[in-house]
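Colleague: I am new to this structure. Could you walk me through how to read it, one feature at a time?

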Amino acid sequence: MPLKVPSIKGATLAIAQGSAIVELAPRPAILVRDVTKTYRTRTGELVDALAKTSLAVREGEFVTIVGASGCGKSTLLKMLAGTLRPSSGEIMLRGAPVDGPNREVGVVFQSPVLLPWRTVLDNLLLPVEIQRRPRDQYLDRARHYLKLAGLDGFEAKYPNELSGGMQQRVGIGRALINDPAVLLMDEPFSALDAMTREFMNLELLRIWHADRKTVLLVTHSIPEAVFLADRVVVMSPRPGQVVEIYDIDLPRPRGLDIVTSEPFSGYARAIRRHFNVETLGSGGRNA
Amino acid sequence: MSNKTGTVPLWRTWFVVHRESLLSVLLFVVFVGGWEFVNDVFRVSPMMLPKPSAIAVSLWDGFFHGDLLWHFAVTFYETIAGFGIGALTGLVLGGFIAQFPLLERTVYPYVVAFQTIPKVALAPILIIWLGFGTLSKVMITATIAFFPVLANTIVGLRAAPADQIEMLQTLTADRLQIFWKVRVPQALPYILVGLDVGIVLSVIGAIVGEFVGAQAGLGYMILQRDLSMDMAGVFAILVILSAMGVGLHLTIRYVQNRVVFWMDNDANRTTGA
């Protein structure tokens, strides 16, 4: 495996199997160093969900991870969120080692995971409540966000009165309400139809442009990965590992028109090549 | 013609809207009327099967000229107090068992063993321990109402979806917050089914207790009237008991609809007992 050295403004980083050389000028928002994850199945056998992986994400950077099922991308995200511990290696968030869930991290899940007995507003304010922050201070922020997300007038509704896209917008709002530095998104739009998905991609970029959080988003969709990202991390399954990282040099802010542009298709083609060869015949569970 | 042309008369829409209730009432009228008629025609002995009219008269007399209201109050008190104690014990114990697997392995087997004893068989013992007053009946009722609430509480507290719990964990929620903000709300539909089963069983518990030995109550009255061959009187009490059971059941259903309004359907609620 050749050493791939993508250069980023202000930082040089190298990713390779087995060893990792990470040199970064500023402190990265997310630093994954030689992390592996091995599961023990119910029958006692060991399964490598994630082979030795290293990755650095700069403050304010939008990185997407694309890979087939079982490539360990969700596992990696869970370890970053602090709900899963790595078998070996080290994970740092803004310079501090991750030893559990962190207030600096907002997580958006594949399904919105709203609590059906809470109104939209109360779902949005759940993090505020859990972290015992003063509700009054976040009320204006919540209302402001509802307006931004086109959920004006829905604050007293219950989740089952909302469409799937609206529910996911509440889910994203909940992850943003207490202004976390890092946003982790695990296939957030995979349950939505294609039209809603495009709309949500645009929405996400708009929100991201407003406050430039560090975003790490996992997806199955190559066009989505390219459209959103500063960098696309390609992972392969069994065991999960990083195969390639692409710098996406497309102008921002991006509109849907770039999807048909030549550079965009170039990136998409290059990324797709990995899947045609490497994931033939691999389905299986989503690790 | 007082109606405007083209509009459906009000009485007709009323009939359409209340079609099912009307059918239900009609069924009752036909059944009771048929019963009365058959009793008259075939001269059924009132010692075997009293006429509905005789039952109605007995009810009226019992309430307005007799002490039926007092006996009703005694049974009602035993039912509610016993249900309250049993349900509360079931809730608290269920809460602990669901939270601590060690308790489930050590305590729960004994609870199940206790549940297999017919509570009727416990009644004589409880009456010897606690006397012929209401307290023994309250405790018999409590032992009956306890288990369905306990079983449903345990199942309900474990029904919370893993993704909701994980979501709360990523928000840095502690164990207690997860318990109150997800586990308890998710358990409420199950608990209310347990309470529903429990309250109906509680009426049975109170009556069974009174059968074994009592100085007052509707069960005591049934035995008294049975001995004096007052069949209409016995049936009158059955009517009261049925009305009481339905009333208590509807009360729980009302609470259920208020508390778990967010459930789309009741397909995945379990029943215990």
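Colleague: How do strands hold on to each other in general?

Modeller: Strands of a sheet pair through backbone hydrogen bonds, either parallel or antiparallel. Here, strand β7 (residues 88–93) of chain A pairs with β8(A) in the antiparallel sense, over 2 bridges. Look for A:M92: its bridge partner in β8(A) is A:P97.

Colleague: Over how many bridges do β4 and β5 of chain A pair?

Modeller: Strand β4 (residues 30–40) of chain A and β5(A) share 8 bridges, in the antiparallel sense. A:R40 has A:L46 in β5(A) as its bridge partner. The two strands β4(A) and β5(A) form a hairpin, with 5 residues between them. In the turn, A:G44 has a positive phi of about 95 degrees.

Colleague: What is the strand order in the open sheet of 6 strands in chain A?

Modeller: The order is β9-β10-β11-β6-β12-β13 (chain A), and the pairing is mixed. Its edge strands are β9 (105–108) and β13 (241–247) of chain A, each pairing on one side only. From one strand to the next, the twist averages 15 degrees.

Colleague: Where should I look for a parallel pair?

Modeller: Take strand β6 (residues 62–67) and strand β12 (residues 231–236) of chain A, which pair in the parallel sense over 5 bridges. A:I65 stands opposite A:V233 in β12(A).

Colleague: Which strands of the sheet does helix α1 of chain A touch?

Modeller: Helix α1 (residues 73–81) of chain A packs on the sheet and touches β6, β9, β10 (182–186), β11 (214–219) and β12 of chain A. The direction of α1 makes about 150 degrees with that of β10(A). Helix α5 (residues 164–176) of chain A also packs on the sheet, touching β9 and β10 of chain A. The direction of α5 makes about 170 degrees with that of β9(A).

Colleague: Now helices against helices. What describes two packed helices?

Modeller: The angle between their axes and the distance between the axes. In chain B, the axes of helix α9 (residues 162–170) and helix α10 (residues 175–212) come within 10 Å and cross at roughly 135 degrees. That makes α9(B) oblique to α10(B). The crossing of α9(B) and α10(B) is right-handed.

Colleague: Which residues of α9(B) and α10(B) meet?

Modeller: B:Q164, B:I165 and B:L168 in α9(B) meet B:Q177, B:I178, B:K181 and B:V182 in α10(B). By class, the residues of this contact are 4 nonpolar, 2 polar and 1 charged.

Colleague: How many residues of each chain are in contact with the other chain?

Modeller: 17 residues of chain A contact 15 residues of chain B. Helix α3 (residues 126–130) of chain A gives the most to chain A's side, with 3 residues. That side has 12 nonpolar, 4 polar and 1 charged residues.

Colleague: Last, confidence. What does the model score?

Modeller: The model has ipTM 0.79 and pTM 0.80. For chain B, the mean pLDDT is 89, and 94% of its residues reach 70 or more. Over residues 266–273 of chain B the pLDDT is below 50. Where pLDDT is low, the predicted coordinates should not be read in detail.

Technical notes
Residues are numbered from 1 along each chain as its sequence is written. Chains are lettered from A and ligands numbered from 1 in the order in which they are written. This is a predicted model: local features need pLDDT of at least 70, side-chain atom pairs count only at pLDDT 80 or more; totals for chains, interfaces and linings use all residues. Two residues are in contact if their C-beta atoms, placed from the backbone, lie within 7 Å. Helices (H or I, at least four residues) and strands (E, at least two) are DSSP runs, numbered from the N terminus. Ala, Val, Leu, Ile, Met, Phe, Trp, Tyr, Cys and Pro count as nonpolar, Asp, Glu, Lys and Arg as charged, and the others, Gly among them, as polar. pLDDT is the predictor's confidence in each residue, from 0 to 100. Two strands pair if DSSP finds at least two bridges between them. Axes are lines fitted to C-alpha atoms, for helices over the stretch in contact, and angles run from 0 to 180 degrees between N-to-C directions. Angles under 35 degrees count as roughly parallel, over 145 as roughly antiparallel, 65 to 115 as roughly perpendicular and the rest as oblique. A crossing is left-handed if the near helix is turned anticlockwise from the far one by less than a right angle, and right-handed if clockwise.
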